[in-house]
Amino acid sequence: MNKKYIVANWKMNPTSAEEARSLAQEIQRVARAEIILCPPFPFLHLVRDAAPGVSLGAQDCFWEQEGAYTGEVSPAQLKSMGCSYVLLGHSERRIHLGETREMVNKKVQAALGAGLIPIVLIGEEDRSQTGKGLADSMERVLAGVSKEDRARLFLVYEPVWAISTSEGGEPARPEEAKEAIGRMREAACGARILYGGSVDASNAASFLRDGEADGVAVGSASLRAQEFLQLVKQAEEV
Ligand code: PGA
């Protein structure tokens, strides 16, 4: 049975270090390297110490390793903090901060250069366009990335319309995810491909089994410890 990866994207939550520590401690109860916790930057350190059995990921990085870039965080710094992974290209960064695919491409290359595994999020905005444009988006964010490096990546099919906090957001149907993931596999050179968007304990297994995903990226449900633990259990049984 192949490993199934579960990425927990906490986004800009929770608001206090105490809550972040106790959430990490809860998740440590099922600690496994295939669980990748991605807390906000200020909590990386305490999550690393509270949940040493899971993998650590950041939610973004800059495209240079050091220098005069006020407020940015470099891949080399994340690596030295104990991160193995970094989320790149989340649609919320495009929507709220104007991040472009070309910026994401530079970040992917810098992350690989520092020895981090990029978890690159890709997905269309319009449900009627499901699966379309994915190859183009992939080419733009992965331009110049060698076949060998592509094989190390994690890609997430995460349509904007499926994200729980998007207006009217509801999960893709497993067959929609399967079709999109299939298209992505053609250009992925062996990268692992996950599904993200309103994943919870009730549907995670269907994306892994029927959607043929190598894992899931979880936002809101990863902040509810009991539900997240349940989700991990379901994934284990697939
Ligand atoms: P959601 O978020 O699980 O709350 O839909 C997914 C994500 O944006 O990673």
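**Close-up views of salt bridges and a helix contact**

Arg 140 is partly exposed, at 35% relative accessibility (buried means under 20% relative accessible area, exposed over 50%, and partly exposed in between, with a 1.4 Å probe and protein chains only). The views show a predicted model, in which local features need pLDDT of at least 70 and side-chain atom pairs count only at pLDDT 80 or more, while totals for chains, interfaces and linings use all residues. Residues are numbered from 1 along each chain as its sequence is written, and side-chain values use heavy atoms, with hydrogens and water left out.

View A. Asp 136 is partly exposed, with a relative accessible area of 45%.

**View B. Helices α5 and α6 pack at an angle of about 50°.** Their axes lie 7 Å apart, and α5 spans residues 101–113. This angle makes α5 oblique to α6. Axes are lines fitted to C-alpha atoms, for helices over the stretch in contact, and angles run from 0 to 180 degrees between N-to-C directions; under 35 degrees counts as roughly parallel, over 145 as roughly antiparallel, 65 to 115 as roughly perpendicular and the rest as oblique. From α5, Arg 101, Glu 102, Val 104, Asn 105 and Val 108 meet Ser 137, Arg 140 and Val 141 of α6 (contact means heavy atoms within 4.5 Å).

**View C. Lys 11 and Glu 92 are joined by a salt bridge.** Nitrogen and oxygen are 2.7 Å apart. Lys 11 sits in the loop between β1 (5–9) and α1 (17–28) and Glu 92 in helix α4 (residues 91–97), so the pair ties together parts that are 81 residues apart in sequence. Lys 11 is buried, at 19% relative accessible area, whereas Glu 92 is partly exposed, at 22%.

**View D. Glu 227 pairs with Arg 224 in a salt bridge.** The N to O distance is 2.8 Å. Glu 227 is partly exposed, with a relative accessible area of 21%, and Arg 224 is also partly exposed, at 42%.

**View E. A network of salt bridges links Arg 127, Glu 170, Arg 173, Glu 175 and Glu 176.** The count for the model comes to 23 salt bridges.

Notes
A salt bridge is a side-chain nitrogen of Lys or Arg within 4 Å of a carboxyl oxygen of Asp or Glu. Helices (H or I, at least four residues) and strands (E, at least two) are DSSP runs, numbered from the N terminus.
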